Amino acid sequence: MAGKTVFVTGGAGYIGSHCCVELLEAGYNVVAVDNFANSVEDDGVATALKRVEKITGKPVTFYKCDLLDRERVMKIFDQHKIDCVIHFAALKAVGESMQLPLQYYKNNLIGTINLLEAMKSTNCFDLVFSSSCCVYGDPEFLPITEEHPTGNVTNVYGRTKYFIEEMLKDLSKSDPKWNIISLRYFNPVGAHPSGLIGEDPTKEVQNVMPFIASVALGKKPHVTIFGNDYNTPDGTGVRDYIHIMDLASGHVAALKKLQTTKDLQYKVRINVPNTIGQLTVFVFQFLLKC
């Protein structure tokens with residue numbers, strides 16, 4: 001895969017920056033874009049990606065770019081020979097999505113359409129889409145599998161992921177050149193072993209792990225536990241997690257699968273633990289053997 005160029009959207013974000021480390025260490029070249037909606041900016045410079053360069057000793061080509069700016073996206077694709085795309089960029093706060101539905105639909109859906117049009121115009125048809133287990137809604141059975149029905153989504157953020165997945169299905173059916181894998185997962189946590197990059201949200205903290213970290217750092221007074229009637233030993237809710245580096249490795253594994261198998265068209269893979277509440281530390285191993 002040496003010499004292949006990967007276009008990473010949301011590359012300065014939490015998942016995107018860790019994925020850039022894995023891509024560079026796997027021998028890929030990286031062109032990353034981010035609009036800094038939820039990542040740290042220093043006069044247009046992506047702080048996390050500068051640290052990625054320090055970790056890997058390799059350069060990242062970066063552009064401050066919003067996917068809603070169709071002309072700029074097209075220009076970047078014209079400037080580089082992009083071989084494949086990993087698409088992370090999205091507004092992603094569940095609660096906020098219910099308050100600002102139009103903003104979420106506009107950003108996530110139209111931004112993705114602009115990206116796909118730029119890909120098609122430059123004959124780039126390999127895409128790894130960062131989806132979500134939100135597309136399942138309230139599960140009908142556990143553990144969830146790829147065959148579990150989707151669409152009964154309970155929040156606007158999840159619906160944007162579901163609509164994008166449906167769009168990608170239709171796109172792959174319309175033209176066999178498209179080669180797409182959607183990865184569905186919940187709750188990445190942790191940081192690169194160097195400690196140089198990790199989760200550092202710029203908006204109000206909503207996810208459990210960064211909230212706990214904020215309390216530990218004295219930025220918030222305490223953690224409030226909600227719920228007392230869940231089917232768990234103490235009645236409180238439990239969640240499953242995947243380590244950020246395993247998740248990044250999973251995206252790179254998906255990319256390698258696309259590069260070596262040209263007739264996938266559209267495939268879905270899921271990361272859900274067999275036991276609800278355990279900390280998952282495995283890669284999407286199916287990608288390495290399917």
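Me: Before I look at anything else, what counts as a salt bridge?

Reply: A salt bridge is a side-chain nitrogen of Lys or Arg lying within 4 Å of a carboxyl oxygen of Asp or Glu. The general idea is that side chains of opposite charge can pair when their charged atoms come close. Keep in mind that what you have here is a predicted model. In it, K81 and D83 make such a pair, with N and O 3.1 Å apart.

Me: Are K81 and D83 buried or exposed?

Reply: Take them one by one. K81 has a relative accessibility of 58%, so it counts as exposed, the cut-off being over 50%. D83 comes out at 18%, so it is buried, which means under 20%.

Me: How many salt bridges turn up in the whole structure?

Reply: A search of the whole structure gives seven. One of them joins E117 to R70, with the closest N and O atoms 2.8 Å apart. That pair links distant parts of the chain: E117 sits in helix 5 (residues 101-121) and R70 in helix 3 (residues 70-79), 47 residues apart. E117 is partly exposed at 35%, and R70 is partly exposed at 38%.

Me: OK, charges are done. Which residues make a nonpolar surface patch?

Reply: Look for V208, M209, I212, V223 and I225, which together make a patch of about 400 Å². I225 is in the loop between helix 7 (208-216) and strand 10 (241-243). With a relative accessible area of 60%, I225 is exposed.

Me: Now zoom out. How many helices and strands does the protein have?

Reply: Nine helices and twelve strands. The radius of gyration is 18 Å, close to the 19 Å the globule rule gives for 290 residues, so the protein is as compact as a globular protein of that length. Its C-alpha atoms fill a box of roughly 55 × 40 × 40 Å along the principal axes.

Me: And what share of the residues is buried?

Reply: Of the 290 residues, 49% count as buried. The accessible surface comes to about 14000 Å², and 52% of that belongs to carbon and sulfur atoms. As for contacts with a separation of 6 or more, 74% are between residues 24 or more positions apart.

Note on methods:
Residues are numbered from 1 along each chain as its sequence is written. This is a predicted model: local features need pLDDT of at least 70, side-chain atom pairs count only at pLDDT 80 or more; totals for chains, interfaces and linings use all residues. Side-chain values use heavy atoms; hydrogens and water are left out. Patches are made of residues with over 30% relative accessible area and no salt bridge: like charges are joined within 9 Å, nonpolar side chains (Val, Leu, Ile, Met, Phe, Trp, Tyr) within 5 Å. Accessible areas come from the Shrake-Rupley method with a 1.4 Å probe; for residues, only the protein chains shown count as cover. Helices (H or I, at least four residues) and strands (E, at least two) are DSSP runs, numbered from the N terminus. Buried means under 20% relative accessible area, exposed over 50%, partly exposed in between (1.4 Å probe, protein chains only). The radius of gyration is taken over C-alpha atoms; the globule rule is 2.2 Å times the number of residues to the power 0.38. Contact means heavy atoms within 4.5 Å.
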